[in-house]
Amino acid sequence: MYRPPSEADSFILQATVGCSHNKCVYCDMYRDKEFRVRDLDESLAMLRMAARYEGASLEKLFVADGDALVMGMDHWIPILETAHQLFPRLRRVSCYAMASNVQSKTDEELQILRKHGLSLLYLGPESGDPETMRRIVKGGTFEDHVEAAQRAHQAGMKISVIALLGAGGVARSKEHAEATARLVTEMDPEFFAALTLTVIPGTPMERMEAKGKFELPSIDGLLRELCTIVDLARPSNAVFRSNHASNYLPISGRLPHDRERILKVLDAALHGDINLRPEWARGL
Ligand code: SF4
């Protein structure tokens, strides 16, 4: 199972298996899994088992797998109600969501989910560049992601936006970085994370690379993309992190408050004044 770094101390409830989209060309997380919504009784039994081990102290619940928001209300509501009965100190329920998952719910459904405790959605457009989004088969456009962010916010949910350094390859590195900054501005997330693309064996992206249709930017190129995104993005007040294991340089701060400090750190890294994470220490 996969979860964001910030869910390290959450209970992970695998209420769905796999990803209903499962087409992003760089992703191998669920490639070997056929998507399904787990039987509701099984999900509720897992929550009761968690209560036996964690006691009532659990504060955070992450609902997996890759786009768990796709689950219908007939599953979400009993899961959220049971979680709150079993864990009275529960303060955050979150999940990964595709823009289309948000779009397929009505405003009323999103509000009901929020009232029942679903408070944070991790949305991964990876890029704001339409051509890059099309090439990586992201399954949603720039506008889809802006709409999803606005509707999640209107329902009272927070969002964490994920961008993928290198997603545009060398060919669209500049466009990718600039458009991603624009998308982050328009989505205006509470949390913004940058990850770094790794070309994984067996994925369509590896085949694109082998055919010369994709070339990952150099480490300096990836850091320059992050400079552009940090420099140009204008979220109101977002917690920014590049602490994911895939990154060469873990940084954290607030945007726009810490923009200059983060840019100085990136500049120092580009001049070789800061040690980068060695290749062997990076992970997905
Ligand atoms: S939506 Fe997420 S989990 Fe699904 S294929 Fe794309 S990157 Fe992988």
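Modeller: Two residues are said to be in contact, or to touch, if their C-beta atoms, placed from the backbone, lie within 7 Å. Please keep in mind throughout that this is a predicted model. By that cut-off, and leaving aside residues up to four places away in sequence, G140 touches M98, A99, S100, P125 and H145.

Colleague: What makes G140 count as buried or exposed, and where does G140 lie?

Modeller: G140 has 21 other C-beta atoms within 10 Å, and a residue is called buried if that count is 20 or more, so G140 is buried. G140 lies in the loop between helix 5 (130–135) and helix 6, and its C-alpha atom is separated by 9.9 Å from that of G124, 16 residues apart along the chain.

Colleague: Which residues are around the ligand, and how does that shell divide by class?

Modeller: The residues around the ligand are C19, H21, N22, K23, C24, C27, M29, Y30, G66, D67, M98 and G124. By class, this shell holds six nonpolar, four polar and two charged residues, where Gly is counted as polar and Tyr and Cys as nonpolar.

Colleague: What makes the backbone of N22 worth a remark, and what is its phi?

Modeller: N22 has a positive phi of about 55 degrees although it is not a glycine, whereas most residues other than glycine have a negative phi. N22 is placed in the loop between strand 2 (16–17) and strand 3 (36–37). With 18 other C-beta atoms within 10 Å, N22 is partly exposed, because that class lies between the exposed limit of 12 or fewer and the buried limit of 20 or more.

Colleague: Which residues are joined by cis peptide bonds?

Modeller: A cis peptide bond joins A64 and D65, with omega about 10 degrees, and another joins L255 and P256, also with omega about 10 degrees. D65 lies in the loop between strand 4 (60–64) and helix 2 (73–86), while P256 is found in the loop between strand 10 (252–255) and helix 10 (259–270).

Colleague: How do you know whether helix 7 and helix 9 are roughly parallel or antiparallel to each other?

Modeller: The axes of helix 7 and helix 9 (residues 219–232) come within 8 Å and cross at roughly 30 degrees; angles under 35 degrees count as roughly parallel, and therefore these two helices are roughly parallel to each other. The contact is made by S173, H176, A177, E178, T180, A181 and V184 of helix 7 and G221, E225, T228, I229 and L232 of helix 9. These residues divide into five nonpolar, five polar and two charged.

Colleague: What is the packing angle between helix 6 and helix 7, and what follows from it?

Modeller: Helix 6 (residues 142–154) and helix 7 pack at an angle of about 25 degrees, with their axes 9 Å apart, and given the limit of under 35 degrees, they are therefore roughly parallel to each other. Here F142, H145, V146 and A149 in helix 6 meet L183, E186 and M187 in helix 7.

How values were computed:
Residues numbered from 1 in each chain as written. Predicted model: local features only at pLDDT ≥ 70, side-chain atom pairs only at ≥ 80, totals over all residues. Near = placed C-beta within 6 Å. Helix = DSSP H or I, 4+ residues; strand = E, 2+ residues; numbered from the N terminus. Axes fitted to C-alpha atoms, helices over the stretch in contact; angles between N-to-C directions. Parallel < 35°, antiparallel > 145°, perpendicular 65-115°, else oblique.
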